Amino acid sequence: MIYDVDLETLPREELEALQLKRLKSVCERVYANVPFYRRSFDELGVSPADIRSLKDVSKLPFTKKQDLRDNYPYGMFAVPAENVVRIHASSGTTGKATVVGYTQRDVDNWATLMARCFMCAGATRKDLVHNAYGYGLFTGGLGAHYGAERLGATTIPVSGGATKRQVQLLRDFGATVICSTPSYFLFLLETAEQEGIDFKSLPLRVGIFGAEPWSDEMRREIEERANIKATNVYGLSEVMGPGVSMECLEAQKGMHIFEDHFLPEIIDPETGETLPPGETGELVLTTLTKEAIPLIRYRTRDITSLDYTPCRCGRTHVRMSRIKGRSDDMLIIRGVNVFPSQIESILLETPGLSPHYQIIVNREGNLDVLEVQVEVQEEMHLDEIKRLQSLERNLQKTIKEFLGVTAKIKLVEHQTIERSQGKAKRVVDLRGK
Ligand code: AMP
Ligand code: ZN
């Protein structure tokens with residue numbers, strides 16, 4: 001099922017013609033209305049008139065998160081304040097928050113894109129959507145909410161937290177679709193088990209999970225334990241919020257980027273060079289339709305690759321692979337690059353371990369030390385010393401073999417690692433503190 005068949009299955013040539021028209025228009029708009037862009041276009045000696053083909057996008061300046069911070073709060077807006085109907089902000093755990101705005105048309109487009117996402121996951125207006133993404137300045141809650149309503153589904157605005165109650169609501173209201181971070185869904189699942197509620201016996205059919213990195217192994221774990229389909233949705237507040245790309249249920253192989261609204265590129269994060277299709281690198285996005293805060297070549301820091309081959313669902317829009325990590329989340333342990341998602345994959349493939357873990361990086365003398373804390377499954381007891389020791393040894397060996405680093409393994413008791421209500425904090429980096 002496709003929400004907007006005409007646009008989502010547009011032949012590539014026509015799609016690219018539409019993108020080019022929109023790219024020219026967004027360049028003109030930012031050049032005329034955003035001093036930051038006028039300056040950065042001028043510095044590179046490029047003007048909107050230089051955009052004659054899609055390839056010319058590589059002549060344009062990048063936009064970084066720091067640019068949004070430097071122009072805090074409204075300096076990047078391209079429309080007068082009275083045309084802005086909504087503000088969101090990202091949490092800003094490092095430095096100032098980044099503030100984004102939406103015109104009425106932006107909010108409408110966003111709702112439509114999220115409705116496309118729901119349909120990608122096989123949801124229709126007959127579904128009941130339990131929305132456990134946080135409501136507020138974070139884009140997840142309201143983004144999914146408007147999308148579910150646009151689809152015509154019954155929307156249940158639960159937000160994050162009050163986990164026991166959520167589990168009861170899931171049972172009593174009979175939701176068929178759930179939206180949350182994958183880590184929060186695991187917490188819901190675990191709470192349900194404690195409350196004697198079996199997710200497998202509920203009408204819940206599909207989960208739309210995103211907002212944080214997760215692995216295919218985590219997907220399998222969720223699908224098996226809850227007997228649902230677990231789909232992947234991607235987005236970021238700077239570019240819009242959730243709904244930039246979405247996995248289709250037919251293939252479950254990569255997320256379709258809605259290319260009539262976003263122009264993707266993959267670059268080498270070190271050199272900034274554009275990489276050929278299929279290569280892995282940093283995703284860069286140009287917004288093609290956004291009015292309040294259009295962004296040119298926004299460096300997402302997310303590491304992925306693009307697949308332009310036809311998809312069996314019929315959509316022609318390019319697919320991006322599951323996010324491998326963020327270029328700024330990549331841990332460099334004694335010179336070796338390690339992504340937390342690689343560690344997650346190994347943990348989840350090891351019998352006896354739970355999907356609850358934390359990675360702690362510290363420095364002893366001049367050396368980096370990596371510690372992986374992971375909960376053992378409930379039925380395992382920490383007094384089975386021999387079994388635990390061999391589990392630790394094996395895990396250490398596998399990590400060394402696959403990632404090339406030595407990790408200290410600390411098996412911890414069930415329920416000791418803090419559960420997330422939204423985005424999970426997987427890495428604690430104590431170096432340089
Ligand atoms: P925020 O702006 O707070 O919504 O955070 C956006 C960031 O969350 C993205 O840049 C990604 O790093 C991460 N993210 C969102 N969706 C996913 C996903 N499906 N898989 C992995 N990371 C994601
Ligand atoms: Zn598809």
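Thr191 counts as buried, at 5% relative accessibility. Here buried means under 20% relative accessible area, exposed over 50%, and partly exposed in between, with a 1.4 Å probe and protein chains only. The model is predicted, so local features need pLDDT of at least 70 and side-chain atom pairs count only at pLDDT 80 or more, while totals for chains, interfaces and linings use all residues. Residues are numbered from 1 along each chain as its sequence is written, chains are lettered from A and ligands numbered from 1 in the order in which they are written, and side-chain values use heavy atoms, leaving out hydrogens and water.

Thr191 sits in helix H8 (residues 182-194). Helices (H or I, at least four residues) and strands (E, at least two) are DSSP runs, numbered from the N terminus. The Thr191 side chain reaches the backbone oxygen of Phe187 at 2.7 Å. Such a polar contact is a pair of N or O atoms within 3.5 Å; within protein, one must be able to donate a hydrogen and the other to accept it, and residues adjacent in sequence count only if both atoms are side-chain atoms.

Ser47 is partly exposed, with a relative accessible area of 25%. Its place is in the loop between helix H3 (35-44) and helix H4 (65-70). The C-alpha atoms of Ser47 and Gly272 are separated by 20 Å, and these residues are 225 apart along the chain.

Ligand 1 has 16 residues around it, of which Asn232, Val233, Ser237, Asp302 and Lys423 come nearest. A residue is near a molecule if one of its heavy atoms lies within 4 Å of it. Strand E7 (residues 229-236) gives the most to this shell, with five residues. The shell divides into seven nonpolar, four polar and five charged residues. Ala, Val, Leu, Ile, Met, Phe, Trp, Tyr, Cys and Pro count as nonpolar; Asp, Glu, Lys and Arg as charged; the others, Gly among them, as polar. An oxygen atom of ligand 1 is 2.6 Å from an N or O atom in the Asp302 side chain. A polar side-chain atom of Ser237 lies 2.7 Å from a ligand 1 oxygen atom. For Lys423, a polar side-chain atom lies 2.9 Å from an oxygen atom of ligand 1. Taken alone, ligand 1 exposes 500 Å², and the protein buries 90% of that. Accessible areas come from the Shrake-Rupley method with a 1.4 Å probe; for residues, only the protein chains shown count as cover.
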